[in-house]
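Take a look at the chain shown here.

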Amino acid sequence: MNKQLQQWLAGLGWVVTAAGAQAASISAVSPQGEVARVRQVVVKFDTPIVAMGDVRTAAPVVVQCDNQQVLSDARGRWTGLKEWVLDFAEDLPPGVRCTLTKVASLKDAAGQPVASAAKYSFGTGGPSVMNV
């Protein structure tokens with residue numbers, strides 16, 4: 001094999017290895033910032049986090065709200081390989097602030113650590129007029 005072809009193949013191997021070594025990450029969290037009506041939190045990933053069909057996998061984030069009562073009936077679940085949702089029993093009332101913290105030991109389905117911001121937050125703002 002000539003030297004130029006060897007160098008090209010070596011470079012190609014490095015590119016493939018580097019592409020495969022990218023860390024999994026959280027690609028989207030909704031809601032964020034101030035949002036008037038919140039009924040669900042959605043956390044999306046760019047690579048599979050759970051194995052196919054394994055809905056028992058623990059939550060990827062810890063959710064804390066200043067009104068802990070809103071979490072008492074909330075239910076978290078995996079809706080796919082790359083998406084986790086938290087459903088609140090009702091729309092959150094005005095004035096609630098919540099923070100989502102990524103579980104430090106979170107790994108993707110291949111066993112690689114998940115990179116992301118440490119925390120995400122949202123709030124439902126102040127009171128609003130519902131009827132006049």
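## Strand pairs

β4 and β7 run antiparallel and are joined by 5 bridges. Within this pair, Val 62 stands opposite Thr 101 of β7. Keep in mind that this is a predicted model.

β1 and β3 are antiparallel, with 4 bridges between them. Here Ala 28 has Lys 44 of β3 as its bridge partner. β3 also pairs with β6, again antiparallel, over 5 bridges. In that pairing, Gln 40 lies opposite Asp 87 of β6. In general, strands of a sheet pair through backbone hydrogen bonds, either parallel or antiparallel.

## An open sheet

Follow the order β2-β9-β7-β4: these 4 strands form an open sheet. Its pairing is mixed. β2 and β4 are the edge strands, each pairing on one side only.

## The nonpolar core

The largest nonpolar core holds 27 residues. Val 43, Phe 88 and Leu 100 have the most contacts inside it. Several strands each supply at least two of its residues, including β1 (24-30), β3 (40-45) and β7 (97-102). In soluble globular proteins, nonpolar side chains tend to be buried together.

Which residues does Phe 88 touch, leaving out those up to four places away in sequence? They are Val 38, Arg 39, Gln 40, Val 41, Val 70, Leu 71, Ala 74 and Phe 122.

## A cis bond

Most peptide bonds are trans. The one from Ser 30 to Pro 31 is cis, with omega near 5°. Pro 31 sits in the loop between β1 and β2 (33-34).

Notes: Residues are numbered from 1 along each chain as its sequence is written. This is a predicted model: local features need pLDDT of at least 70, side-chain atom pairs count only at pLDDT 80 or more; totals for chains, interfaces and linings use all residues. Side-chain values use heavy atoms; hydrogens and water are left out. A nonpolar core is a set of buried Ala, Val, Leu, Ile, Met, Phe, Trp, Tyr and Cys residues joined through side-chain atoms within 4.5 Å. Buried means under 20% relative accessible area, exposed over 50%, partly exposed in between (1.4 Å probe, protein chains only). Contact means heavy atoms within 4.5 Å. Two strands pair if DSSP finds at least two bridges between them.
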